[in-house]
Amino acid sequence: MEKTKTIKNKIISHGAKTFEPTITIYREALAFIADVIQKEFDHLKHLNNKQVIPAVEKLIHRTKTNPFPKYNFTDHFYKFPS
């Protein structure tokens with residue numbers, strides 16, 4: 001016999017609007033990436049799922065090996081993962 005236990009804990013201690021700033025930034029970042037994909041669609045459409053993610057990351061993320069990405073996501077969303 002399998003036993004389960006349910007515990008209720010309130011995770012929002014400062015009201016329902018606690019996560020709104022984070023959600024706003026997330027939506028802005030998502031819109032930025034969607035815009036890049038739309039602009040670069042002709043170059044990306046032939047890639048499969050495993051190829052398209054690194055291709056988009058190269059377009060938007062500044063790294064040591066990619067110091068000048070075409071679209072500078074890093075400046076707008078510092079330390080924000082893709």
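In this predicted model, the largest nonpolar core is made of 10 residues, namely Ala29, Ile33, Val36, Leu44, Val56, Leu59, Ile60, Tyr71, Phe73 and Phe77. Two elements, H1 and H3, each give two or more residues to this core. In soluble globular proteins, nonpolar side chains tend to be buried together. Over the protein chain as a whole, 18% of the 82 residues count as buried.

Tyr71, one of the core residues, has contacts that reach beyond its neighbours within four places in sequence, for it touches Phe32, Val36, Lys39, Glu40, Leu59 and Ile60.

Helix H1, which covers residues 20-39, packs with helix H3, residues 49-60, at an angle of about 105°, and their axes lie 11 Å apart. Because angles of 65 to 115 degrees count as roughly perpendicular, H1 and H3 are described in that way. On the H1 side the contact is formed by Phe32, Ile33, Val36 and Ile37, which meet Val56, Leu59 and Ile60 of H3. The residues of this contact comprise seven nonpolar ones, with no polar and no charged residues.

Seen along the sequence, the protein chain has the pattern α-α-α-α, with four helices and zero strands. Among its contacts between residues at least 6 apart in sequence, 40% join residues at least 24 apart.

As for confidence, the mean pLDDT of the protein chain is 87, and 88% of the residues score at least 70. Confidence is highest in helix H2 (residues 41-44), at a mean of 96, and lowest in helix H4 (residues 73-76), at 88.

How values were computed
Residues numbered from 1 in each chain as written. Predicted model: local features only at pLDDT ≥ 70, side-chain atom pairs only at ≥ 80, totals over all residues. Heavy atoms only, no water. Axes fitted to C-alpha atoms, helices over the stretch in contact; angles between N-to-C directions. Parallel < 35°, antiparallel > 145°, perpendicular 65-115°, else oblique. Contact = heavy atoms within 4.5 Å. Nonpolar A, V, L, I, M, F, W, Y, C, P; charged D, E, K, R; others polar. pLDDT = per-residue confidence, 0-100. Core = buried A, V, L, I, M, F, W, Y, C linked by side-chain atoms within 4.5 Å. Buried < 20%, exposed > 50% of the residue type's maximum accessible area, 1.4 Å probe, protein only.
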